Amino acid sequence: MSLTVESTERSEVETDRCGGCGGHATSPGAEASETPHERVNRRWNEVMQETRVAQTGVQILFGFLLSVAFTPLFHDLGTFDHVVYVITVVSGAAATASLIAPVSIHRFLSGQRMKDEMVEVAHRLMMGGMALLAMTIGCTLLLILHVVVPGLMAKLLVGAVMLWFALSWYALPLWLRRRSNRRAAQQDSS
């Protein structure tokens, strides 16, 4: 999906929403004094800051995962644990690729006057990368807890943690967006 500066500007001004970040509400008048160029630069800087935070976590986790296979006790693990490990490493690698991709995109497209498209693509990569990161963390927990905690308890604990990820990373932001949209609709109708 390609966004143009004009369409982004119109939709943001009309709805007081940030077009590249899934439409969340901004503070009143925050973008009123921005030019389209300033707005897209601000949005790009926000995406890059968010990317830096996520990159650090996924790189540390991925580095840990790569070393696990070379420990003496790894070969004593059962087939289930080896399968979970493979899934974990693959999802960690995919998360790393998704969360670092905006840097590569910026390097290749810098100066091409495509920053609005870069913001949209980086946003989508970040969302996918965060989902893959959550899956990597869940699988890592399963791998560790399956060894430490006997039986079903490990799976229940991992399920509870993954539920928390779903609630705090996805459900809460969606709920906040809906609440903001309802308030905006009520203000528009008043």
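Visitor: What should I know before I start?

Guide: This is a predicted model, in which local features need pLDDT of at least 70 and side-chain atom pairs count only at pLDDT 80 or more, while totals for chains, interfaces and linings use all residues. Residues are numbered from 1 along each chain as its sequence is written, and side-chain values use heavy atoms, with hydrogens and water left out.

Visitor: Which residues have the most contacts inside the largest nonpolar core?

Guide: Start with the general idea: in soluble globular proteins, nonpolar side chains tend to be buried together. A nonpolar core is a set of buried Ala, Val, Leu, Ile, Met, Phe, Trp, Tyr and Cys residues joined through side-chain atoms within 4.5 Å. Buried means under 20% relative accessible area, exposed means over 50%, and partly exposed lies in between (1.4 Å probe, protein chains only). Here the largest core has 29 residues, and Trp-44 and Tyr-85 have the most contacts inside it. The elements giving two or more residues to this core are α2, α3, α4 and α5, with the largest share, ten residues, coming from α2. As for those labels, helices (H or I, at least four residues) and strands (E, at least two) are DSSP runs, numbered from the N terminus.

Visitor: How many aromatic pairs are there?

Guide: Rings of Phe, Tyr and Trp (its six-membered ring) pair if their centres lie within 6.5 Å; planes under 30 degrees apart count as stacked, over 60 as edge-to-face and the rest as tilted. The count here is two.

Visitor: Why are Phe-165 and Trp-169 separated by about one helical turn?

Guide: Because they are four residues apart in helix α5 (residues 152-189). Phe-165 counts as buried because its relative accessibility is 13%, whereas Trp-169, at 28%, is partly exposed.

Visitor: Which charged end sits over the ring of Phe-80?

Guide: A charge sits over a ring if NZ of Lys or CZ of Arg is within 6 Å of the ring centre and within 35 degrees of the ring normal. In this model the residue is Lys-155, whose charged end is 5.2 Å from the centre of the Phe-80 ring.

Visitor: How many salt bridges are there?

Guide: Side chains of opposite charge can pair when their charged atoms come close. A salt bridge is a side-chain nitrogen of Lys or Arg within 4 Å of a carboxyl oxygen of Asp or Glu. That rule gives four. Among them is Arg-39 with Glu-34, at 3.8 Å from N to O, and both partners are buried. Another joins Arg-42 to Glu-46, with the closest N and O atoms 3.0 Å apart. Since Arg-42 and Glu-46 are four residues apart in helix α2, about one helical turn separates them. Arg-42 is partly exposed at 23%, and so is Glu-46 at 31%. Glu-34, Arg-39, Arg-42 and Glu-46 are linked in a network of salt bridges.

Visitor: And where do Glu-120 and Arg-124 lie?

Guide: Both are in helix α4 (residues 115-148), four residues or about one turn apart. Glu-120 is buried, with 6% relative accessibility, while Arg-124 is partly exposed at 48%.

Visitor: Where is Arg-113 found?

Guide: Most residues other than glycine have a negative phi, and most peptide bonds are trans. Arg-113 has a phi near 60 degrees, a positive value in a residue other than glycine. You will find Arg-113 in the loop between α3 and α4, and its relative accessible area of 83% makes it exposed.

Visitor: How many residues apart in sequence are Asn-45 and Val-119?

Guide: They are 74 residues apart in sequence, yet their C-alpha atoms are 9.2 Å apart in space. Asn-45 lies in helix α2 and is partly exposed, at 47% relative accessibility.
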